[in-house]
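Work through these exercises with the model open. Each task is followed by a stepwise solution.

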Amino acid sequence: MGAEELSALLWKERELLELLIFKLEEEQLILTSGKTRWLQHATREVEQVLERLRAAGLARTVEVGSVAAEWGTPEEATLRQLAGDAPPGPWSSIFAAHLKAMTESTTKIRELRETNEQYLRAASRSTQETLATLESDAGTYGSRGTSNAASDAWHMLDKDL
């Protein structure tokens with residue numbers, strides 16, 4: 001394998017990063033809309049893309065090592081190092097462009113992930129507060145089959161009539 005194959009792998013990885021951005025934005029739309037019924041599906045889709053990205057990252061690491069050995073650079077070289085050590089020709093700028101695009105995508109992914117985590121924490125707090133309110137209002141049931149709070153309201157209404 002060589003530089004062409006590595007570039008093709010990098011394109012596939014960039015496409016997966018774009019797909020992950022889409023899935024995180026989709027998850028964010030679900031969180032902000034309050035339609036949490038679909039959150040489990042969106043989260044599963046994010047996880048599936050992450051699995052595909054892990055596999056692509058591993059393939060990239062192997063291919064970078066192969067190209068690095070071919071070019072006489074250390075086999076554990078990063079993409080940044082490989083772009084800097086590329087022989088004269090177009091590969092330096094091609095790999096630098098891949099690196100720039102992937103770095104920008106990674107930054108966007110980090111921002112989306114952090115925002116989604118904030119929405120999830122806020123939703124969790126809201127749910128806990130709602131449950132705490134419901135628990136304190138539950139009370140016991142009276143002779144009419146209603147809770148004491150409802151019974152008190154019924155008696156107040158009954159007096160007014």
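**Exercise 1. Find which helix supplies the largest share of the lining of the largest pocket.**

Step 1. Helix 4 supplies that share, with nine residues. Helices here are DSSP runs of H or I, at least four residues long, and strands are runs of E, at least two, numbered from the N terminus. A pocket is an open set of points on a 1 Å grid over the protein atoms alone, where a 1.4 Å probe fits, with protein on both sides within 12 Å along at least five of seven lines; lining residues have an atom within 4 Å of a point.

Step 2. Helix 1 (3–33), helix 2 and helix 4 (91–138) each give at least two lining residues. The lining holds 21 residues in total, and Leu20, Leu24, Leu50, Ile109 and Arg113 lie nearest the centre of the pocket.

Step 3. Sort the lining by class: 11 nonpolar, three polar and seven charged residues. The space in this pocket is about 400 Å³.

The model is predicted: local features need pLDDT of at least 70, side-chain atom pairs count only at pLDDT 80 or more, and totals for chains, interfaces and linings use all residues. Residues are numbered from 1 along each chain as its sequence is written, and side-chain values use heavy atoms, with hydrogens and water left out.

**Exercise 2. Is threonine 73 buried or exposed?**

Step 1. Locate threonine 73 in the loop between helix 2 and helix 3 (79–84).

Step 2. Its relative accessible area is 13%, so threonine 73 is buried. Buried means under 20%, exposed over 50%, and partly exposed in between (1.4 Å probe, protein chains only).

Step 3. List its contacts (heavy atoms within 4.5 Å). Beyond neighbours within four places in sequence, threonine 73 touches Ala68, Leu82 and Asp85.

**Exercise 3. How many helices and strands does the protein chain have?**

Step 1. The chain has five helices and zero strands.

Step 2. Of its 161 residues, 29% count as buried.

Terms used:
Grid points are joined across faces, edges and corners, and a volume is the space filled by probe spheres set on the points. Ala, Val, Leu, Ile, Met, Phe, Trp, Tyr, Cys and Pro count as nonpolar, Asp, Glu, Lys and Arg as charged, and the others, Gly among them, as polar.
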